Amino acid sequence: MTPYFSDTLIIGAGAAGLFCAGQLGKQGKQVTVLDSGKKAGRKILMAGGGFCNFTNLEITPQHYLSHNPHFVKSALARFTQWDFIALVAEYGIAYHEKELGQLFCDESAQQIVDLLLAECAKYQVNIQLRQHIEQVSALENGGFAVQANGQTWHCHQLVVATGGLSMPALGASSLGYQIAEQFGLGMIPPRASLVPFRWRETEQFYTALAGVSLPVRVSAENGQSFFNQLLFTHRGISGPAILQISNYWQPNEWVEVDLLPNQSIGDYLQELRQTSPKLQLKTALSRILPTKLVELWQEREMIPAETLANLSKVRLENLENFIHHWQIFPNGTEGYRTAEVTMGGVDTHEISSKTMESSKVKGLYFIGEVLDVTGWLGGYNFQWAWSSAYACANHIASL
């Protein structure tokens, strides 16, 4: 059977793959995208609670983690958040800033998928869905052969945009990592990232607080800290502050939570002792912390059932330590099932930061989340998808 041919084959119809395809099509290249899913851009549709946090107003290399920290600089500089915002505006998509520079669609994440698909359609990109990739190999005279659903495709350039292992229910797989290893590229072991923590058995009683949230400052052992919301869940703790710190946490390490980051509990209680000495400690704490949390502490005798006047200096100090320096030893994370992204991946020391091409295999490119590049929560990972895809497309178009 004669193989199908496409100048460039892209494996993966997610954010990076679709954007790269549209950019290549715009520059007159013949492009085919192969994806295993029934729909293109499935993860985009789920992102940001269905409103897609498509970029951030503050994008710097410091917002990314990689074993090769300088790797992201070139791509981020050549296709910035302003470039993607301009494209969103061109398509008339209304958006808003939620907090900390995070930009979301006003209506639906579907608008971002529609934008990417419209760009692909405008430039005759061939998108093939429900394609099970059976084999990838190098051709003797250069280029690649990809076998999918019993058909063979040949191409000059192969772009791997398969994402990571996060959210297997949306079709995530290790295909990109397998291709990298097959061609002799190094791998940084992947792990779930931007992910909730689970309680240890000794702290399971906190599950009674599921649904309660409050602003905190959370810190990792390495000194990195974030100020944002913490959410108690049925299994552990989540919320933006926890997802952010999960990138910096290692198994068997603690995270420290300041439950009252904008106020000193010591000063607050000392003032109240002057004005309302007969006030119960529980009542005083309930004014500034979630009542359910304070009640749970009291039930478990973690705080004394006393009036403010009767609080000893030692008890005050213990309370201060407990509220401002609460140390939690998570029993691991929720894993890939709920992780927003995957940390680790294809070692970027073996990839050109300007072109995304493998330094070992000519014509083989890796873009987006499959690489060892992980952004913070807040639109940074989408911006990496757009920027790395643009760098790759620009290089291929120049060949």
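These legends go with views of a predicted model.

View 1. Helices (H or I, at least four residues) and strands (E, at least two) are DSSP runs, numbered from the N terminus. The C-alpha atoms fill a box of roughly 85 × 40 × 35 Å along the principal axes. Residues are numbered from 1 along each chain as its sequence is written.

View 2. Of the 399 residues, 54% are buried (under 20% relative accessible area, 1.4 Å probe, protein chains only). Contact means heavy atoms within 4.5 Å. Among contacts between residues at least 6 apart in sequence, 73% join residues at least 24 apart.

**View 3. Serine 387 in helix 12.** This helix covers residues 380–398. Serine 387 counts as buried because its relative accessibility is 0%.

**View 4. The neighbours of serine 387.** Leaving aside residues up to four places away in sequence, serine 387 touches Ala75, Leu76 and Phe79. A polar atom of the serine 387 side chain lies 2.6 Å from the backbone oxygen of phenylalanine 79.

Terms used:
Predicted model: local features only at pLDDT ≥ 70, side-chain atom pairs only at ≥ 80, totals over all residues. Heavy atoms only, no water. Buried < 20%, exposed > 50% of the residue type's maximum accessible area, 1.4 Å probe, protein only. Polar contact = N/O pair within 3.5 Å; in protein donor to acceptor, adjacent residues only side chain to side chain.
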